[in-house]
Protein chains: 6
Amino acid sequence: MQATVAHSCSAAALTQRRAAAPKQLSQAAAKPSARRQAVRVRAEGEGAPATGIETKGPNMTALKEIQEIMSILPHRYPFLLVDRVLEWEYGKYAVGYKCVTINDNFFPGHFPQRAIMPGVLQVEAMAQLGGIIMIDPANAAQQTNFFFGGVDNLRWRKPVVPGDVLMMRCDVTKFNKRFGICKMSAKAYVGEDLVCEAELTLVMQPEK
Amino acid sequence: MQATVAHSCSAAALTQRRAAAPKQLSQAAAKPSARRQAVRVRAEGEGAPATGIETKGPNMTALKEIQEIMSILPHRYPFLLVDRVLEWEYGKYAVGYKCVTINDNFFPGHFPQRAIMPGVLQVEAMAQLGGIIMIDPANAAQQTNFFFGGVDNLRWRKPVVPGDVLMMRCDVTKFNKRFGICKMSAKAYVGEDLVCEAELTLVMQPEK
Amino acid sequence: MQATVAHSCSAAALTQRRAAAPKQLSQAAAKPSARRQAVRVRAEGEGAPATGIETKGPNMTALKEIQEIMSILPHRYPFLLVDRVLEWEYGKYAVGYKCVTINDNFFPGHFPQRAIMPGVLQVEAMAQLGGIIMIDPANAAQQTNFFFGGVDNLRWRKPVVPGDVLMMRCDVTKFNKRFGICKMSAKAYVGEDLVCEAELTLVMQPEK
Amino acid sequence: MQATVAHSCSAAALTQRRAAAPKQLSQAAAKPSARRQAVRVRAEGEGAPATGIETKGPNMTALKEIQEIMSILPHRYPFLLVDRVLEWEYGKYAVGYKCVTINDNFFPGHFPQRAIMPGVLQVEAMAQLGGIIMIDPANAAQQTNFFFGGVDNLRWRKPVVPGDVLMMRCDVTKFNKRFGICKMSAKAYVGEDLVCEAELTLVMQPEK
Amino acid sequence: MQATVAHSCSAAALTQRRAAAPKQLSQAAAKPSARRQAVRVRAEGEGAPATGIETKGPNMTALKEIQEIMSILPHRYPFLLVDRVLEWEYGKYAVGYKCVTINDNFFPGHFPQRAIMPGVLQVEAMAQLGGIIMIDPANAAQQTNFFFGGVDNLRWRKPVVPGDVLMMRCDVTKFNKRFGICKMSAKAYVGEDLVCEAELTLVMQPEK
Amino acid sequence: MQATVAHSCSAAALTQRRAAAPKQLSQAAAKPSARRQAVRVRAEGEGAPATGIETKGPNMTALKEIQEIMSILPHRYPFLLVDRVLEWEYGKYAVGYKCVTINDNFFPGHFPQRAIMPGVLQVEAMAQLGGIIMIDPANAAQQTNFFFGGVDNLRWRKPVVPGDVLMMRCDVTKFNKRFGICKMSAKAYVGEDLVCEAELTLVMQPEK
């Protein structure tokens, strides 16, 4: 991974508010515990609106929002499994995620008594993120489709359930642009837990 | 809001890994910037697995996971809109969230050209969280249904889109247990941004 | 409400057949009780086809059928909740309805044991009807989107269930065309029963 | 059809409010035109709530509501197509209806450019109503399934579209209880328009 | 039915592989039993990949694949019920089929305890195949819609369940091109079992 | 693969009719070409019902029909991807298939312009077939769940489209009953074409 990641969001963005003033941000970075306490005090005050953990929820700054993703990938409901891209470098790597909710269409069947995200859909999500890496934004005419060619060393480590944010990273290990074949190392996390990993082979084809 | 919140997850839990070892946690808390740098170094090293932002994604520790929520609420797919409860005190308040994904069943229709979470479903999500507050876990025989009675001062502040984590807080302002009427102040956030707020009136009825 | 409602269907239309010949219509209007009795006689006759209540079912003449509604509203399945507009005057008011059926996609989840139309979807339906009021048919170039800004004094009075026809009326109370903000008084009925009422604030935005 | 229909709703019920006071009802029956005018006057008055056509919308009194229908028929979403039964006599006939809404799950596919209720689903709806006729409420142990055996002389007369109330009547013409074979004459109306008619053959089987 | 069926697949195609070399095909045709035995021997060999019945599964050569069908019929999910056309002659007849799977969207409701393909959807599938017969490929400008006009002598013979391949044949018996009315004899089979038959009347209309 | 496959259907069953008379079957087996010709003659005869390829469609005799599969697997719509099991031996192997239809719920999203079965769902289908192998029918009390542990050497060879019958075979290569870990060699075919293959690792867990 290069240091010059022009298109990426800085890691700090993960904990930023959407439109935060710089001053507030540096304060938050400097004294997290102080800030947390302030919130508590406010919550206990009379007449003050009770707030706390809920305003420190995640708000991941998007490099690519869903509309841009939908302009790149041909996948649509109920088979579009990437919600946001956080970091991206053409032909190199990407970090993105899918929010997992009980309202995902597959949970009624997997399983009625116990909601677990199907492992194969985690792989699909990683592959969709992988496909986004392979589009050259400088080549607008390049209309492409991605097909899955193969998967190696796929392992699932932990169940993924509603309420999880499936954070994924794909790193290109080989990219034969001439034949449109791309190999990637893909990993999916929930928090710091590795939940799925695999080596993916994607094939790029010109669209009809 | 009382200081003694026996059933709540501490705010710190938000940034905890699921099954993190204590030592690692304290390290992470002590030197976040150091840790981040270490990751970068590792990513740039030869042969080392490239990792970074993706392992610092959110992993919100659940006080109530989806299976417990489904044992409390009668709502089911496609109308169950709370994925996890983070804090909860009977008859007092709750903090919980819904993951918003392009795979939510309502996005194909709202709207085909632009995915925006319907505002009324944010209100429904807050009301479902509110309903969870009203169940007394010490009274197992208390089988109840919640109906929406009314809403006041409902305002939407910002659009909610796929990839957002809709973090909600409901605080009971009046709870007439005899008549089963409960008023709540409800707020929904994406990160630190307030996206929706309302005063909810829920009515509790014994199930037939 | 003005007497000169050029675009509205007369109240009598409610009981009219779709393409009825004028003569038959005037007969029906003139002697409803006579006609009803005739049917009974026929039903009791030998060899006669038994008919009765079923031909006196409702057939509400549309001012705007679903295809026109879909050309105005960007909402689509499963989030388009107005089936027909009966009366309409630009910037003033509209009367329209949604048929409620067990085949509505939300009933499997709300609730598995008891089908009740979610209250928030009644509000959404009223807001969609409200949005239709705000389109100026004389200004074809005016491509607009409607967003919900807020709701006040929302009350639900009775449950709405499959088989109900949710008849709605929205009356504009304030319409600031310059800022695209519109306030409306909205009511929903099942028969003569008021089931839901609210003050809606809609915001009109130019489409991207 | 017999005059003694103990289980039926009177024809007048069609225009009744749900919980109307007897006095109001007789007034409404006696002077419909007077009443309609009164509404107009009220609507034009200052400060008065503008009301009109919307409170004269249909509200068909149910002999069997959806919950009872679901206890009789094994059909479920998305293939339960009767919302309410208005008249019913065991082994003789029934009148019931389905509300048709753009939110019916089949409209996205039939057709994307023009919403028309599939004709075969009108037949299915009539057959489901027919099945309800064949259950003997006095024989609670009689657990039965209905299968479609055949259809003759099926004709569709007019398209059925969202916003229509598909009012159906099935009259048993032959009922061989020993072999569980039942022939019915079925008709479906929208208002006074006959939209579909057929001769149905249903077969009743004991459930496994 | 004419002997000159220029557009049809030969009956032998049913057992052909998709891109089989001619030599292999003639061998297979000549010595089916020999070939079957060879497979068994291989399966019992050491280190040999175990194969058997699974490579003799059906692979029906398409005259019209789904993409072409979707360019002819306006039907879409969840109401497109023909997967492939095997034989076809304009204005004369067609043979095609629908694969029936537990993943068909109607099975959750028909019935929860026992998956049976609704009989009316078999009729719809036959009618869709019938519609394909009526398109003149030589008249590209002929944009048409098909509506169902009527059905006679419809009989269901056996239940159709997941895993069945519903093979259908429609033969035009009368085709009044001037009025766009077409009568057809339609049959549906599972293997050699006739499961449904009917006389269909289709009406062709110019698209708006 | 052993010669003694007590629970399997013979390969010949593939071409059998469901309830064929023995005599007809042996004739068909003896003289397929003669039989085919007879059909043609009949088809060309005057007044004779035209029949042909459609009665030679596949009808795969089930060892396990969908109801039995649903009693074994916890998967449900829209994530149950095995329609029928043709051969099966506990702890050894199974042959089964899924019918692929344009009405499969995933096709609207994969892809709107071109219906291709997602590769990961082929893997899921093979894994579900694999799970069926691991149930001991002699041990009724053995309530188990299957989770996917990993996949190796996964390759997709050809696209699978609506109208295909995805015929699958799983052969157990290692079965550690004590730890509930099972490795399988899985292959999927459309006709004689290998479309997908992989080494699957399934993990069996007692149900909570």
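At what angle do helix α4 (residues 119-133) of chain D and helix α4 (residues 119-133) of chain E pack, and how far apart are their axes? The two helices pack at an angle of about 160°, and their axes are 9 Å apart; α4(D) is therefore roughly antiparallel to α4(E), a term for angles over 145 degrees. Here axes are lines fitted to C-alpha atoms, for helices over the stretch in contact, and angles run from 0 to 180 degrees between N-to-C directions. Helices are DSSP runs (H or I, at least four residues), numbered from the N terminus.

This is a predicted model, in which local features need pLDDT of at least 70 and side-chain atom pairs count only at pLDDT 80 or more, while totals for chains, interfaces and linings use all residues. Residues are numbered from 1 along each chain as its sequence is written, chains are lettered from A and ligands numbered from 1 in the order in which they are written, and side-chain values use heavy atoms, with hydrogens and water left out.

The contact of α4(D) with α4(E), where contact means heavy atoms within 4.5 Å, involves V120(D), L121(D), V123(D) and E124(D) on one side and V120(E), L121(E), V123(E) and E124(E) on the other. Helix α4 (residues 119-133) of chain B also packs with helix α4 (residues 119-133) of chain C, at an angle of about 160°, and α4(B) is thus roughly antiparallel to α4(C). In that pair, V120(B), L121(B), V123(B) and E124(B) meet V120(C), L121(C), V123(C) and E124(C).

| Helix pair | Angle | Axis distance |
|---|---|---|
| α4(D) and α4(E) | about 160° | 9 Å |
| α4(B) and α4(C) | about 160° | 9 Å |

Apart from neighbours within four places in sequence, E54(A) is in contact with V95(B), M167(B), R169(B), Y189(B) and G191(B).

Q128(A) is in helix α4 (residues 119-133) of chain A and is likewise buried, with a relative accessible area of 1%. Its C-alpha atom is separated by 8.5 Å from that of H75(A), a residue 53 residues apart along the chain. When residues up to four places away in sequence are not counted, Q128(A) touches L73(A), H75(A), F79(A), L80(A), L81(A) and V82(A).

How values were computed. Parallel < 35°, antiparallel > 145°, perpendicular 65-115°, else oblique. Buried < 20%, exposed > 50% of the residue type's maximum accessible area, 1.4 Å probe, protein only.
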